[in-house]
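The following report describes selected local features of one protein structure. Please keep the sequence and the 3D view at hand while reading.

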Amino acid sequence: MIEVVAPGPYATVQDLGRPGFAHLGVPCSGAADAPALRLANRLVGNAEWLAGIELTFGGARLRFADAAWVAVTGAPLEVRAAGASGVRPGMGAPFWVPAGAELRFGLPAEGLRTYVAVRGGIAVEPVLGSRSTDSLSGLGPPPLRAGTVLPVGVPDGTITVDQAPLPGPRPPVLRVVPGPRDDWFEAGALKVLCDRPYEVSQDSNRVGVRLLGAELARARQGELPSEGMVTGAIQVPPSGQPIVFLADHPPTGGYPVIAVVLSADLPVAAQLRPGDRVRFALAQRFSG
């Protein structure tokens with residue numbers, strides 16, 4: 001068992017989500033930075049799809065009732081082990097946490113979301129096949145709070161990696177493909193989107209990254225019938241300020257989508273924090 005002594009600003013249990021239920025109105029959810037969670041799981045010998053803990057801007061304290069192997073990835077921060085002399089926790093490598101020790105997480109130097117994997121995985125009760133907290137629909141376990149006790153599963157695998165190179169900082173650039181509703185905007189709107197950086201708003205969350213910057217003006221007014229949305233869709237409400245949908249985005253939406261972020265760049269979007277500046281760039285087109 002792991003006791004949450006302090007969750008930090010916002011912490012949840014996340015795995016790789018619950019895909020396949022959009023037709024029922026259920027978001028996919030899952031880790032916002034899925035590659036970081038996958039890596040953390042591999043480091044402790046877990047299957048990549050097992051659940052871990054997603055910390056938003058660090059600041060958490062976790063007490064381990066039982067000894068465990070742990071790995072930390074994602075937004076880099078300091079990790080200290082209170083009550084465990086000789087333990088040297090760090091990013092990107094498995095480390096042993098003895099029974100009774102407490103892990104204390106600092107604030108990330110850059111990025112927003114840090115992932116904690118425990119050998120055996122976080123074994124809360126699954127909902128629709130996933131242990132992910134969905135901040136939009138409320139499915140899955142509630143956000144972590146002081147006093148929450150998390151069960152740990154039975155390990156099934158071996159630790160084969162001593163250390164993994166963590167991805168270095170990536171330029172805050174999101175590559176996009178146009179559409180499907182770029183024709184709802186004035187000519188040149190895509191150029192406006194890509195010409196200058198946008199600032200990440202304080203109102204951003206796991207549903208989407210809300211941006212402040214150049215307005216994307218519409219050529220067509222009126223309402224758009226609600227239609228399916230994908231992670232990475234850049235939806236533009238009447239304010240003209242774009243929103244990049246993240247893991248907890250709704251399955252449908254009624255505002256036009258001017259472009260979609262490439263899947264490979266979604267981890268960059270997931271690590272944007274309020275005040276960051278981000279640029280968009282049209283993805284290169286390749287011919288076979």
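Buried is used here for residues under 20% relative accessible area, exposed for those over 50%, and partly exposed for those in between (1.4 Å probe, protein chains only). The model is a predicted one, in which local features need pLDDT of at least 70 and side-chain atom pairs count only at pLDDT 80 or more, whereas totals for chains, interfaces and linings use all residues. Residues are numbered from 1 along each chain as its sequence is written, and side-chain values use heavy atoms, with hydrogens and water left out.

Helices (H or I, at least four residues) and strands (E, at least two) are DSSP runs numbered from the N terminus. In helix α1 (residues 34-43), the buried residues are Ala36, Leu37, Leu39, Ala40, Asn41 and Leu43. Their cover includes the strands tabulated here, together with β9, and glycine 45, which follows α1, has a positive phi near 80°.

| Strand covering α1 | Residues |
|---|---|
| β2 | 10-14 |
| β3 | 52-56 |
| β5 | 68-74 |

Serine 132 lies in the loop between β9 (113-118) and β10 (149-150), and serine 132 is buried, with a relative accessible area of 0%. Its side chain makes a polar contact (a pair of N or O atoms within 3.5 Å; within protein, one must be able to donate a hydrogen and the other to accept it, and residues adjacent in sequence count only if both atoms are side-chain atoms) of 2.6 Å with the side chain of aspartate 15. Leaving aside neighbours within four places in sequence, the residues in contact (heavy atoms within 4.5 Å) with serine 132 include Val13, Gly30 and Pro141.
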